[in-house]
Amino acid sequence: MSVPELHRRRRRAALTLKDLEATLHGTLVTQGRRCGKAECRCTQGELHGPYVYVALARPRGGSRLLYVPEEFRDLVRQKIAMTERLAAALAAISEINLELLARRALK
């Protein structure tokens, strides 16, 4: 691929980086829960829920779960999907920049 074509591809990828405020890093997780009451059905394995959470990676390992109320579930799914698309665009731009650097044509 020519240098001008690499620049065009990089520009097209950069144009997809709109609405950066829409990002939400995490993974949606669905879980059932036990309430802890001795006589509850959940003590027999029939869990409450399902409940939806965003799993957030912690810097020192492990993860944290944040409950997602039902009225926010579609919005959270959209924002997580947007974040994944942005990450893919940034990775593509980085790869193009590495190739341009190798060709001594990085601007």
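Guide: Two strands pair if DSSP finds at least two bridges between them. Keep that in mind as we look at this predicted model.

Visitor: Which residue in β3 is the bridge partner of L56?

Guide: R64 is the bridge partner of L56. A57 has its own opposite residue in β3, namely S63. In total, five bridges join β2 (residues 48-57) to β3, and these two strands run antiparallel.

Visitor: What lies between β2 and β3?

Guide: Five residues do, and the two strands form a hairpin. While you are in the turn, look at G61, which has a positive phi of about 100°.

Visitor: Now the sheet. In what order do the strands come?

Guide: The order is β1-β2-β3, in an open sheet of three strands with antiparallel pairing. β1 (27-33) and β3 (63-67) are the edge strands, each pairing on one side only. From one strand to the next, the twist averages 40°.

Visitor: How should I read a single residue within a strand?

Guide: Start with the general idea: side chains in a regular strand alternate between the two faces of the sheet. Then pick a case, such as Y53, which is found in strand β2.

Visitor: Is Y53 buried or exposed?

Guide: The cut-off for buried is under 20% relative accessible area. Y53 has 10% relative accessibility, so it counts as buried.

Visitor: Which residues is Y53 in contact with, leaving aside its neighbours within four places in sequence?

Guide: Among them are T27, L28, V29, Q31 and R33, as well as L65, L66, Y67 and V68. Take Y67: it is 14 residues from Y53 in sequence, yet their C-alpha atoms are 4.4 Å apart in space.

Visitor: Let's turn to the helices. At what angle do α1 and α2 pack?

Guide: The angle between α1 (residues 3-15) and α2 (residues 73-102) is about 160°, and their axes are 9 Å apart. To name such an arrangement, remember that angles over 145 degrees count as roughly antiparallel. The two helices are therefore roughly antiparallel to each other. Their crossing is left-handed.

Visitor: Which residues of α1 and α2 meet?

Guide: From α1 come V3, L6, H7, R9, R10, A13 and A14; from α2 come A89, I93, I96, N97, E99 and L100. By type, that contact has eight nonpolar, two polar and three charged residues.

Visitor: And where does α2 lie relative to the strands?

Guide: α2 lies across β1, β2 and β3, and runs at about 145° to β1.

Key:
Residues numbered from 1 in each chain as written. Predicted model: local features only at pLDDT ≥ 70, side-chain atom pairs only at ≥ 80, totals over all residues. Heavy atoms only, no water. Axes fitted to C-alpha atoms, helices over the stretch in contact; angles between N-to-C directions. Helix = DSSP H or I, 4+ residues; strand = E, 2+ residues; numbered from the N terminus. Parallel < 35°, antiparallel > 145°, perpendicular 65-115°, else oblique. Left-handed = near helix turned anticlockwise from the far one by under 90°. Contact = heavy atoms within 4.5 Å. Nonpolar A, V, L, I, M, F, W, Y, C, P; charged D, E, K, R; others polar. Buried < 20%, exposed > 50% of the residue type's maximum accessible area, 1.4 Å probe, protein only.
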